[in-house]
Amino acid sequence: STQAGCPLDCKFCATASMGFLRNLTSGEIIDLVLQAKALAGKRITNLVYMGMGEPLLNYVEVMKSAEIFTSGFEIAARRITISTAGWTPGIRRMADENRKVKLAISLHTLDEHARRELMPITKKFPLDDLLDSAYYYYKKTKRRVTFEYILFDAWNDRLEDVNALVKLARRIPCKVNIIPFHSIAAT
């Protein structure tokens, strides 16, 4: 987690119901990993900034913590992934700064209208801008982007969706991480 709450209001995310409280400090982010290490009882070797919050909206503290993990915790940068809902200025900044950590983008559909409904950030950063930023990142860093794709039954799992992903993979060297949907509805 990189924030207490989140301002992005993605419709599939439980954190969205909390609203946004504040950014975490790099020390708080590191403490989360220390607590996970204590619970696991072993060394942490891989990290994904994919908990609560949008990491690229807390860029300075996130990158400060990543630098500490690579130096003080001896976690290789290639084993650290920053996941974003599509904050394109942060993606471009990561590329321009040649950050060694990996980039993952929560994509979930290549249909602009559907993505806008699911992820309101698309209103600010349309899908074409996001994909241009992903390509920019790849061209600057020569590192493949991972696109995260939650499968929603009869919404983004049709043949046309698969074909769109194949077309994307031909344009931008990438990995696609298929994620099963877990409802956040109260039971």
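This is a predicted model: local features need pLDDT of at least 70, side-chain atom pairs count only at pLDDT 80 or more; totals for chains, interfaces and linings use all residues.
**Notebook: loops, cysteines and patches**

I began with lysine 142, which lies in the loop between helix 6 (127-141) and strand 6 (145-151). Residues are numbered from 1 along each chain as its sequence is written, and side-chain values use heavy atoms, with hydrogens and water left out.

**Positive phi**

Lysine 142 is not a glycine, yet I found a positive phi of about 65° there. Its relative accessibility is 55%, so lysine 142 counts as exposed. My cut-offs for relative accessible area were under 20% for buried, over 50% for exposed and in between for partly exposed, with a 1.4 Å probe and protein chains only.

I then turned to asparagine 98, another non-glycine with a positive phi, here about 50°. Asparagine 98 sits in the loop between helix 3 (88-96) and strand 5 (102-106). At 34% relative accessibility, I put asparagine 98 down as partly exposed.

**Cysteines**

How many disulfides does a search of the whole structure find? I got 0, taking a disulfide as a pair of cysteine sulfur atoms within 2.5 Å. For cysteine 6, the nearest cysteine sulfur is that of cysteine 10, 6.4 Å away. Cysteine 6 is buried, at 13% relative accessibility.

**Surface patches**

For patches I took residues with over 30% relative accessible area and no salt bridge, joining like charges within 9 Å and nonpolar side chains (Val, Leu, Ile, Met, Phe, Trp, Tyr) within 5 Å. A salt bridge here is a side-chain nitrogen of Lys or Arg within 4 Å of a carboxyl oxygen of Asp or Glu.

I noted a positive patch made by Lys37, Arg43, Arg78, Arg79, Lys102, Arg144 and Lys175. Lysine 175 belongs to strand 7 (residues 174-180) and is partly exposed at 36%.

Isoleucine 178 is in strand 7 too. With Leu151 and Val176, Ile178 forms a nonpolar surface patch of about 220 Å² accessible area together, by the Shrake-Rupley method with a 1.4 Å probe. Isoleucine 178 is partly exposed at 45% relative accessibility.

Conventions. Lys and Arg count as positive and Asp and Glu as negative; His and the chain ends are not counted. The place of a charge is taken as NZ of Lys, CZ of Arg, CG of Asp or CD of Glu. Helices (H or I, at least four residues) and strands (E, at least two) are DSSP runs, numbered from the N terminus.
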